[in-house]
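Hello,

Here is the structure I promised to pass on to you.

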Amino acid sequence: MPQQTQSAPEPALPAREVGALAAGRAEAAEAARSLDPDVVRALLDAGFARHFVPVAHGGSGGGFGALTDAVTAIGASCPATAWCASIALSLSRMAGFLPEEGRKRIWQDGPDVLVAGSVSPRGRALPADGGWQLTGTWPYVSAVEHSDWALVLGLAKTPDAPAERRIFAVPRSAYAVERTWSDIGMRATGSHTLTVDDLHVPGEMSFPVDDLMAGRPSADGGVSGGAGAAVPGVPLAAVNGLFFCLPMLGAAEGALAHWSAYAQDRLRAERPGVPGPGRAFYEETLARAGGEIDAARLLLERIAAVADSGREITALETARAQRDCALVADLLVGAVDRLFRASGTAGHSESSPLQRLWRDVHSAAGHIVLQFGPNASAYAAQALPAGPSEP
């Protein structure tokens with residue numbers, strides 16, 4: 001596995017300006033069920049697409065440490081925009097596993113390329129002319145309408161071998177988009193359906209999904225540089241949940257800020273003898289929700305630190321990261337629920353950003369990667385391995 005070296009901390013991505021722009025466009029983006037094009041351009045200008053792109057291809061070659069503040073700064077204003085930014089980060093990182101010729105093709109015009117995609121095995125591929133003939137339908141592909149490329153997973157079948165799961169890189173001109181996204185939360189992510197019909201994918205535009213899962217870069221050096229980070233050397237499961245949790249963390253921190261302003265107004269207007277919650281109610285809500293959100297941030301920061309450590313990540317650490325992300329999702333849903341319930345009818349109004357943050361957190365927490373039960377079992381299998389049975 002490629003080794004990392006320690007270096008100075010990465011500069012933060014300029015995210016707050018993106019968040020402010022996204023907040024102003026959030027209502028229209030929800031109605032359109034797609035990000036505003038100006039917001040997408042701002043994300044690209046801020047470096048979200050190029051962050052994990054190898055330096056050899058013009059990218060920043062960044063690591064995971066810079067992501068927490070960057071993604072959460074956007075998520076506090078617009079979780080849907082933060083979600084799309086985080087997914088763009090994840091997918092551009094995955095593109096680094098392509099063979100060199102494939103990487104050159106994706107980033108031939110520069111590193112600010114928005115890659116969307118899905119690692120659900122919804123496609124099938126047959127060998128053809130040094131590559132593959134691909135057909136499939138992939139739902140829930142965030143930001144797909146704004147994408148330049150897509151990475152999709154399909155089962156590749158050859159006559160004399162078992163089916164192999166492979167990732168295929170497909171240019172925007174080769175896939176169609178069906179507008180199917182209808183969830184009540186994360187509306188602006190535009191997580192519509194991508195379809196490919198009998199497309200020839202050259203061999204250099206594909207790689208085995210097992211390489212991604214193991215963090216095994218291609219033999220010709222698909223390794224990100226900069227910040228001392230050999231990013232593709234990190235197994236997917238060790239960081240996958242991070243990309244889904246960071247927008248949730250931002251949403252929860254934004255909800256806490258909105259609720260705190262509301263609580264201060266309520267306390268200033270409090271009058272003796274007037275029915276309503278007392279100061280202790282607001283104090284307990286603030287302390288408990290704030291503590292849960294802080295705990296979630298610390299867990300996610302540990303995942304990023306392990307990923308950037310430069311050493312081999314153990315199976316136990318990988319399972320712990322999966323456990324922690326699922327636990328973070330539960331913590332953040334609980335914290336935002338507490339704030340939402342304690343916000344009164346004002347917080348439930350459609351004019352209040354709090355109700356959008358609440359919806360978006362719940363929608364994000366429904367992702368299959370963030371379900372606690374399966375992740376608890378995977379963690380226990382590593383932390384409590386079964387020994388030989390006694391005679």
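**Salt bridges**

Arginine 50 and aspartate 112 form a salt bridge (a side-chain nitrogen of Lys or Arg within 4 Å of a carboxyl oxygen of Asp or Glu), with 2.8 Å between the closest N and O atoms. This pair ties together distant parts of the chain, 62 residues apart: arginine 50 is in the loop between α2 (37-45) and α3 (67-75), and aspartate 112 is in the loop between α5 (100-106) and β1 (115-128). Helices here (H or I, at least four residues) and strands (E, at least two) are DSSP runs, numbered from the N terminus.

Before I go further, a word on the source: this is a predicted model, where local features need pLDDT of at least 70 and side-chain atom pairs count only at pLDDT 80 or more, while totals for chains, interfaces and linings use all residues. Residues are numbered from 1 along each chain as its sequence is written, and side-chain values use heavy atoms, with hydrogens and water left out.

The cut-offs are under 20% relative accessible area for buried, over 50% for exposed, and partly exposed in between (1.4 Å probe, protein chains only).

The structure has 20 salt bridges. One of them joins glutamate 100 to lysine 104, whose closest N and O atoms are 3.5 Å apart. Both residues belong to helix α5 and sit 4 residues apart, about one turn of the helix. Glutamate 100 is partly exposed at 30% relative accessibility, and lysine 104 is partly exposed at 39%. Arginine 323 and aspartate 324 form another, at 2.6 Å between the closest N and O atoms, and here both residues are buried. There is also a network: Asp69, Glu253, Arg297 and Glu301 are joined by salt bridges that share partners.

The chain has 12 helices and 7 strands. Along the principal axes, the C-alpha atoms fill a box of roughly 80 × 65 × 40 Å. Buried residues make up 51% of the 391 in the chain. Of the contacts (heavy atoms within 4.5 Å) with a separation of 6 or more, 75% come from residues 24 or more positions apart.

Not counting residues up to four places away in sequence, phenylalanine 48 touches Leu13, Ala15, Leu43, Ala70, Val71, Ile74, Ala85 and Leu89.

Helix α3 is largely enclosed by the rest of the structure because 8 of its 9 residues are buried. Among those buried residues are Ala70, Val71 and Ile74, and the buried residues of α3 pack against α1, α2, α4, α7, α8 (279-307) and α11.

Helix α11 (residues 353-365) has 13 residues, which should span 18 Å at 1.5 Å a residue, and its end C-alpha atoms agree at 19 Å apart; the expected span is 1.5 Å times one less than the number of residues. Serine 352 caps the N-terminal end of α11, with a side-chain oxygen 3.1 Å from the backbone nitrogen of leucine 354. The buried residues of α11 include Leu354, Arg356 and Asp360, and their packing partners include α1 (16-32), α3 and α9.

Leucine 331 is in helix α9 (residues 315-341). At 22% relative accessible area, leucine 331 is partly exposed. Leaving aside neighbours within four places in sequence, leucine 331 is in contact with Glu292, Ala295, Ala296 and Leu299.

Best wishes

Terms used: A polar contact is a pair of N or O atoms within 3.5 Å; within protein, one must be able to donate a hydrogen and the other to accept it, and residues adjacent in sequence count only if both atoms are side-chain atoms.
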